[in-house]
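Hi,

Here is the structure I said I'd pass along.

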Amino acid sequence: MEHDRARTRAWVLHPEIKSDEQRRVPEPALEEAVALAAALPDLDVIGSEIVRLQRAQPGLLFGSGKIQELGERFHENEIELVLIDGPVTPVQQRNLEKAWKVKILDRTGLILEIFSDRARTREGVLQVEMAALSYQRTRLVRAWTHLERQRGGLGFVGGPGETQIEADRRAIDEQLVRLRRQLQKVVKTRTLHRAARAKVPYPIVALVGYTNAGKSTLFNRLTGAEVMAKDMLFATLDPTMRRIELPDGPEVILSDTVGFISNLPTELVAAFRATLEEVLGADLIIHVRDISHEETEEQARDVETILTSLGVDDTRARLEVWNKIDLLSDEDRAGALARSDRDPEIFSISAVTGEGVEPLLAEIATKLQGVRHEEKLTLDFSQGDKRAWLFRQDVVRSEEQTENGFEITVLWTDKQAAQFRGL
């Protein structure tokens with residue numbers, strides 16, 4: 001961030017534009033915007049409100065009366081930064097900054113700030129930089145810190161001349177090309193790692209879900225790992241992977257992914273493709289939902305939309321996990337449990353208390369290896385190769401040697417049984 005480490009006094013506005021068919025329910029949307037702002041350590045959210053409009057004004061977004069009323073409120077509260085939860089054009093941004101004498105961030109700008117604050121891996125950092133540059137390319141009226149010169153201040157200085165903007169555009173484009181090259185190298189290395197991992201016969205299970213649905217908490221419960229899990233939007237940005245052994249089942253690699261969010265800025269959807277590539281390689285996708293959230297259905301739809309845009313089709317094995325049942329009222333909880341009991345693909349759990357996690361693990365094992373069943377086999381001494389195959393497949397439960405050969409009890413899938421018969 002450009003300002004010093006003192007906490008910046010911020011105000012959050014959610015414009016509810018009546019003419020927008022796609023608009024979200026305003027109250028939870030404002031709540032989410034405030035939670036996004038709270039995810040940045042140096043912001044102090046002083047106030048927040050919904051601003052209802054018939055339609056967006058092209059030059060200033062809000063009407064002149066509203067602008068004056070809000071301006072007085074910002075002045076009284078010594079607000080330095082206004083977060084507008086929605087798209088703001090470069091022209092609107094410049095005009096509002098002039099009118100209110102504050103800095104303005106729209107939803108895209110805010111999410112970019114959070115991502116740059118969170119990115120840890122080389123790849124995450126590069127992707128955020130690229131997303132930020134393509135976003136700023138449309139806003140060349142801003143201060144340029146990373147291009148080694150500062151100009152334009154908080155938008156109350158007039159815009160730079162045409163040639164300067166062109167020079168800036170060229171500088172950004174050159175930087176984008178350079179970052180893209182670096183990213184290709186990083187992704188190539190990741191692909192090599194993934195190819196090496198593909199040789200390890202572990203199935204991959206990817207956790208996906210709306211941001212703050214509890215994926216990292218579930219990941220920690222299943223793996224015993226200490227992944228950052230906070231009640232905070234976008235606590236995890238970089239994919240984390242751990243090997244776990246399922247009770248009575250195979251070893252699997254569990255992958256925790258970045259949280260999805262509605263109206264994810266287009267710059268970021270492209271930039272975070274690679275972070276979500278793990279999902280494309282997964283054998284099983286677990287969609288974790290915060291079932292206690294009032295917009296859980298809308299959030300689930302947003303996640304499905306992003307999965308489809310990533311190219312995840314319906315043929316991929318999937319489970320849906322309704323998390324946070326510990327936060328539901330008794331009545332809602334009974335309803336959720338009854339619904340998930342009826343649907344074999346849905347599991348109601350609490351990642352915090354651990355309730356419902358065991359049946360989920362059993363189902364993951366089943367999904368990944370087909371249902372296994374027990375069978376008794378009799379092999380004579382000449383069938384040593386078949387016996388060795390069974391041990392290699394790790395399906396032998398017990399073995400007794402008899403006068404004529406071996407009595408072997410196996411636990412295996414139909415597929416393994418068919419392979420055995422074909423030996």
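The chain comes to 14 helices and 13 strands. Bear in mind that this is a predicted model. Of its 423 residues, 48% count as buried. Taking contacts between residues at least 6 apart in sequence, 70% of them join residues at least 24 apart.

I'd start with the four-stranded sheet. It is open, its strands run in the order S2-S1-S3-S4, and the pairing is parallel. The edges are strand S2 (43-53) and strand S4 (103-106); each has a single partner strand, so one side of each is left without a neighbour in the sheet. On average, neighbouring strands here are turned by 25° against each other, ignoring direction.

S1 is worth a click. Nine of its ten residues are buried, so the rest of the structure largely encloses this strand.

Which residues touch the most other members of the largest nonpolar core? They are Leu83 and Val279, out of 39 residues in that core. The elements giving two or more residues to this core are strand S1 (8-17), helix H1 (26-38), strand S3 (81-84), helix H4 (107-118), helix H5 (122-136), strand S5 (204-209) and helix H10 (296-310). H4 supplies the largest share, five residues. Setting aside neighbours within four places in sequence, the contacts of Leu83 include Ala10, Trp11, Val12 and Leu13, along with Ala37, Leu43, Leu105 and Leu110. There is also a second, separate core of 24 residues, with Leu207, Ile244, Ile364 and Ala365 among them.

Next, helix H2 (residues 64-76). Its 13 residues reach 19 Å from first C-alpha to last, close to the 18 Å expected at 1.5 Å a residue. The buried ones are Ile67, Leu70, Gly71 and Phe74. Seen down the axis of H2, they fall within an arc of 110°, so they line one face of the helix. The background is that an α-helix has 3.6 residues a turn, so residues three or four places apart point the same way. The cover over the buried residues of H2 includes S1, S2, S3 and helix H3 (90-100). The face turned away from that buried side carries the exposed residues Gly65, Gln68 and Glu76. After H2 comes Glu78, with a positive phi near 50°.

Then there's the six-stranded sheet: open, in the order S6-S7-S5-S8-S9-S10, with mixed pairing. Strand S6 (240-245) and strand S10 (346-348) are at its edges with a single partner strand each, so one side of each has no neighbour in the sheet. Strand S8 (residues 284-290) and strand S9 (residues 317-323) pair in the parallel sense over seven bridges, and Asp290 has Asn323 in S9 as its bridge partner. H10 packs on this sheet too, touching S5, S8 and S9, with its direction at about 150° to that of S8. Helix H7 (residues 215-223) lies across S5, S6, strand S7 (251-256) and S8, running at about 155° to S7.

Cheers

Notes. Residues are numbered from 1 along each chain as its sequence is written. This is a predicted model: local features need pLDDT of at least 70, side-chain atom pairs count only at pLDDT 80 or more; totals for chains, interfaces and linings use all residues. Side-chain values use heavy atoms; hydrogens and water are left out. A nonpolar core is a set of buried Ala, Val, Leu, Ile, Met, Phe, Trp, Tyr and Cys residues joined through side-chain atoms within 4.5 Å. Buried means under 20% relative accessible area, exposed over 50%, partly exposed in between (1.4 Å probe, protein chains only). Contact means heavy atoms within 4.5 Å. Two strands pair if DSSP finds at least two bridges between them. Axes are lines fitted to C-alpha atoms, for helices over the stretch in contact, and angles run from 0 to 180 degrees between N-to-C directions. The expected span of a helix is 1.5 Å times one less than its number of residues. The arc is that of the directions from the helix axis to the C-beta atoms.
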